[in-house]
Amino acid sequence: MASIEITGVSKSYGAVKVLHGMDLAIADGEFIVLVGPSGCGKSTLLRMIAGLEAIGAGTIRIGGAVVNDLAPKDRDIAMVFQSYALYPHMTVADNMSYSLRLRRTPKERLGEALAETARILGLQPLLQRRPRALSGGQRQRVAMGRAIVRKPKAFLFDEPLSNLDARLREQMRAEIKKLHRSLGATSVYVTHDQIEAMTMADRIVALHDGVVQQVGTPLEIYDRPANVFVAGFIGSPAMNFLTGSLSANGAGAAIRLGGLTLPVKLSAPSAAEQPILLGIRPEHIEVAEGPDAPIEARVDLVEPMGVTTLLHANLGGEDLKILSLDRPRLVPGAPVRLRFPEGRLHLFDAATGKRIG
Amino acid sequence: MKPATLRRGAYWVMHYFLISLYVLAALFPLFWLLKVSVTPEMLLYSEGVRLWPSEASWEHYTSVLRHTDFPIFFENSVIVSVMTAVGVTLVASGAGYALSRFTFPGKYWLVGLMLITQMFPLVMLISPIFKLFAPLHLTNSLTGLIVVYSAFNVPFATFLMQSFFDGIPKDLEEAAMIDGDTRFGAFRKIALPLTLPGIAATLGFVFTAAWSELLFALMLISKTDKSTFPVGLLSFISKFSVDFGQMMAAGIIALIPAFLFFVLIQKYLVRGLTAGAVKG
């Protein structure tokens with residue numbers, strides 16, 4: 001087990017810069033999830049930690065030692081690939097023991113390690129099979145086994161669950177998390193799936209265009225997104241954004257949305273009148289009646305999802321999604337009254353996208 | 001019977017009829033080769049056109065093996081073809097892997113250059129090659145033939161091998177490198193075993209090309225003891241007569257190595273030619 005420190009790491013492919021001077025310290029035993037849309041540089045960073053990609057600038061340390069010029073084989077890390085990358089011409093047992101055999105592990109110890117790993121992952125009956133005779137989930141497990149068996153300094157996961165169907169993904173998600181709890185190994189997990197990020201991470205690193213947008217625990221990121229990108233990326237269905245302006249209002253401040261004014265508690269608005277983006281999560285909008293619900297919108301679409309109902313509404317020309325646990329009896333075209341609880345509002349600077357307050 | 005069943009039956013008959021027609025047409029010359037080779041000399045012209053002689057004999061085979069230089073030609077051909085096939089496949093595996101996996105300066109031009117070598121009719125190149133080889137003592141030498149055959153086969157074989165390596169996910173070697181292998185170790189233990197079908201296909205392709213090559217063998221070699229069998233076959237045609245019986249017997253014998261070779265590699269070959277056709 002080891003910590004991983006990334007200092008000022010950049011990477012360009014020709015004129016295209018994919019990572020802009022990134023800093024990140026991963027503690028020993030931590031489970032870090034790198035999340036972001038495709039092309040944000042998350043896989044590149046992972047491959048640089050693994051040694052599969054040259055480091056453009058900056059340094060990467062694993063367990064305190066700089067690994068910039070070390071070959072992958074000398075970094076003592078394990079990686080689980082999206083494609084699983086199982087050696088098709090070898091049995092499951094050979095796949096899993098490949099690294100141990102390369103390290104000339106004594107036969108006895110190799111056998112023990114293999115048996116132990118197979119037991120943890122429930123792979124005992126499959127050891128003599130070839131990868132092609134396994135199902136997707138089993139292949140995934142073997143890929144995990146191949147990583148676990150050698151007890152590396154750190155685990156790297158490159159979207160390991162994206163080739164599985166939804167149910168299996170959910171199950172493997174929990175299994176990987178449990179495995180991490182029992183092994184306590186430093187893990188870096190790359191995904192574009194924000195649910196995986198939320199459920200598995202000790203800390204999430206949200207990446208966009210090669211720049212770290214925010215680092216924090218899943219709930220920190222969810223509750224206090226640092227900017228519009230993070231706010232929109234984390235959470236499903238995604239946060240609603242409405243354009244408006246923020247102005248001083250006596251002691252506090254108020255938000256103006258079209259003809260609507262919402263009071264907010266803000267220490268001091270920076271300018272007299274400032275254009276903003278108002279963010280509110282679909283599950284935080286309340287469908288209500290009476291003077292308590294001052295906002296009136298029109299229902300466009302009702303999507304019953306069982307546990308919740310997703311309403312698409314139109315508020316002054318802007319699309320609004322509302323997630324409701326009650327089952328509001330609404331039909332498309334009907335008016336609906338809404339309330340935005342004050343504590344649930346996220347304010348972002350319209351120009352920079354940064355969080356206000 | 002239902003019309004659908006009837007129609008399917010009719011298709012089946014048609015299907016196999018056409019295939020048999022093709023196989024028949026393709027194999028008939030081979031059959032004729034065999035038929036003439038076992039027809040005794042005295043019956044060759046006297047019996048008219050028959051599918052099988054009234055009496056068969058091995059006399060042509062024994063005289064080819066005992067009284068002609070054919071065994072030497074045969075041996076020369078085996079040496080040249082095996083050396084070419086093995087050499088070319090080794091080079092093409094390495095080159096194909098490099099083209100498939102690495103980016104390096106000049107790669108684009110290198111590929112273009114290799115493609116250009118395939119554009120010229122061989123006949124055009126005979127005199128310059130002869131001119132180059134004579135002072136190097138590579139004419140009248142099996143080494144010279146191996147060099148020429150290798151040079152002409154390496155580009156195509158490289159492209160062939162490259163396409164096989166392209167079909168193997170990069171992830172596999174990366175996984176091996178992370179598992180603790182070197183780049184070369186990953187190539188040898190992961191990529192190479194997975195390209196066995198490709199290697200077999202390349203070996204087969206180059207072997208047959210070298211085995212049946214006539215033009216260079218004829219032009220670069222004038223001594224009997226260095227001739228290969230395609231040239232040797234021509235020696236059965238003299239000014240006044242053609243010894244069909246011996247020529248056909250020699251032809252049958254010459255088929256044997258190629259036949260054995262393909263029997264050996266066919267398992268890989270079939271996989272190789274269809275590899276990547278379906279997701280496996």
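In chain A, six residues of domain 1 are in contact with eight residues of domain 2. Contact means that the C-beta atoms of two residues, placed from the backbone, lie within 7 Å. This is a predicted model: local features need pLDDT of at least 70, side-chain atom pairs count only at pLDDT 80 or more, and totals for chains, interfaces and linings use all residues. Residues are numbered from 1 along each chain as its sequence is written, while chains are lettered from A and ligands numbered from 1 in the order in which they are written.

**Domains of chain A**
- Domain 1 spans 4-233 and domain 2 spans 240-356; the bounds come from an automatic or database domain assignment.
- The C-alpha centres of the two domains of chain A are 38 Å apart.
- On domain 1 of chain A, the side touching domain 2 has five nonpolar residues, one polar and no charged.
- Nonpolar covers Ala, Val, Leu, Ile, Met, Phe, Trp, Tyr, Cys and Pro; charged covers Asp, Glu, Lys and Arg; the others, Gly among them, are polar.

**Chain A with chain B**
- Chain A gives 18 residues to the contact and chain B gives 15.
- β6 (77-80) and α2 (92-102) of chain A each give two or more residues to the side that touches chain B.
- That side of chain A holds 12 nonpolar, three polar and three charged residues.

**Chain A overall**
- Chain A has eight helices and 21 strands, taken as DSSP runs (helices H or I, at least four residues; strands E, at least two) and numbered from the N terminus.
- Its C-alpha atoms fill a box of roughly 75 × 45 × 35 Å along the principal axes.
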